[in-house]
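Thanks for coming. I will walk through one structure today, starting with its strands and ending with its helices.

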Amino acid sequence: MEIDAWVWWLIGAVGLGIPLVITAMPEFGMFSAGAVAAAITAALGGGVVAQVLVFVVVSVALIAVVRPYAARQRNAAPAGAATGIDALKGRQAVVLERVDRAGGRIKLAGEIWSARSYDEENAFEPGQKVDVVEIDGATAIVM
């Protein structure tokens, strides 16, 4: 049983996609896209030389265009801008399940979070709005 060249290129694309996920290095994604382009070339009847050229040209072009753009975008974030959990502090959330010192659930920034009350005597009922004081692991501390 002989496997067509385009199938090998798709296997290569998947193989290059695995380190992309594991290492989060976008270059592997660009090489994977080059392999997909080579697979299309093979499926359309292009020879081995054309397939390799398409792989190289597409991969290099993506690296030459996407990497500088990504670097500009990464550096464009204002200095001191809150990101990650720091960006959630001070935001409002809606109580989904009763929140007290023992725990509860809130909807914060479109996601469901476990939460607990900042003060022992305060409890919040479903539908109430609360303010996030801090994030402790995967739990929002609210008041």
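Helices (H or I, at least four residues) and strands (E, at least two) are DSSP runs, numbered from the N terminus. What you see is a predicted model, in which local features need pLDDT of at least 70 and side-chain atom pairs count only at pLDDT 80 or more, while totals for chains, interfaces and linings use all residues. Residues are numbered from 1 along each chain as its sequence is written, and side-chain values use heavy atoms, with hydrogens and water left out.

On confidence, pLDDT is the predictor's own score for each residue, from 0 to 100. The protein chain averages 90, and 97% of the residues score at least 70. Among its elements, strand S1 (residues 92-100) has the highest mean, 95, and helix H3 (residues 48-75) the lowest, 91.

Now the hairpin. S1 and S2 form it, with 2 residues between them. Strand S2 covers residues 103-108, and its pairing with S1 is antiparallel, over 4 bridges.

How many strands close into the barrel, and in what order? There are 5, running S1-S2-S3-S5-S4, with mixed pairing. From one strand to the next the twist averages 50 degrees, where axes are lines fitted to C-alpha atoms, for helices over the stretch in contact, and angles run from 0 to 180 degrees between N-to-C directions.

Next, the nonpolar cores. A nonpolar core is a set of buried Ala, Val, Leu, Ile, Met, Phe, Trp, Tyr and Cys residues joined through side-chain atoms within 4.5 Å. Buried means under 20% relative accessible area, exposed over 50%, partly exposed in between (1.4 Å probe, protein chains only). The largest core has 14 residues, and Ile106, Leu108 and Val142 have the most contacts inside it. S1, S2, S3, strand S4 (129-136) and strand S5 (139-142) each give two or more residues to this core. Apart from it lies another core, of 7 residues, including Trp9 and Phe55.

Is serine 117 buried or exposed? This residue of strand S3 (residues 111-117) counts as buried because its relative accessibility is 0%. Its side chain has a polar atom 2.7 Å from the backbone oxygen of aspartate 119, and the side chain of serine 117 also reaches the backbone oxygen of asparagine 122 at 3.1 Å. Contact means heavy atoms within 4.5 Å. Leaving out residues up to four places away in sequence, serine 117 touches Val99, Asp100, Arg101, Asn122, Phe124 and Val142.

Last, a helix residue. Glycine 34 sits in helix H2 (residues 26-43) and counts as buried, at 0% relative accessibility. Beyond its neighbours within four places in sequence, glycine 34 contacts Phe55, Val58 and Ser59. Glycine 34 and alanine 24 are 10 residues apart in sequence and 18 Å apart in space, C-alpha to C-alpha.

Key
Two strands pair if DSSP finds at least two bridges between them. A polar contact is a pair of N or O atoms within 3.5 Å; within protein, one must be able to donate a hydrogen and the other to accept it, and residues adjacent in sequence count only if both atoms are side-chain atoms.
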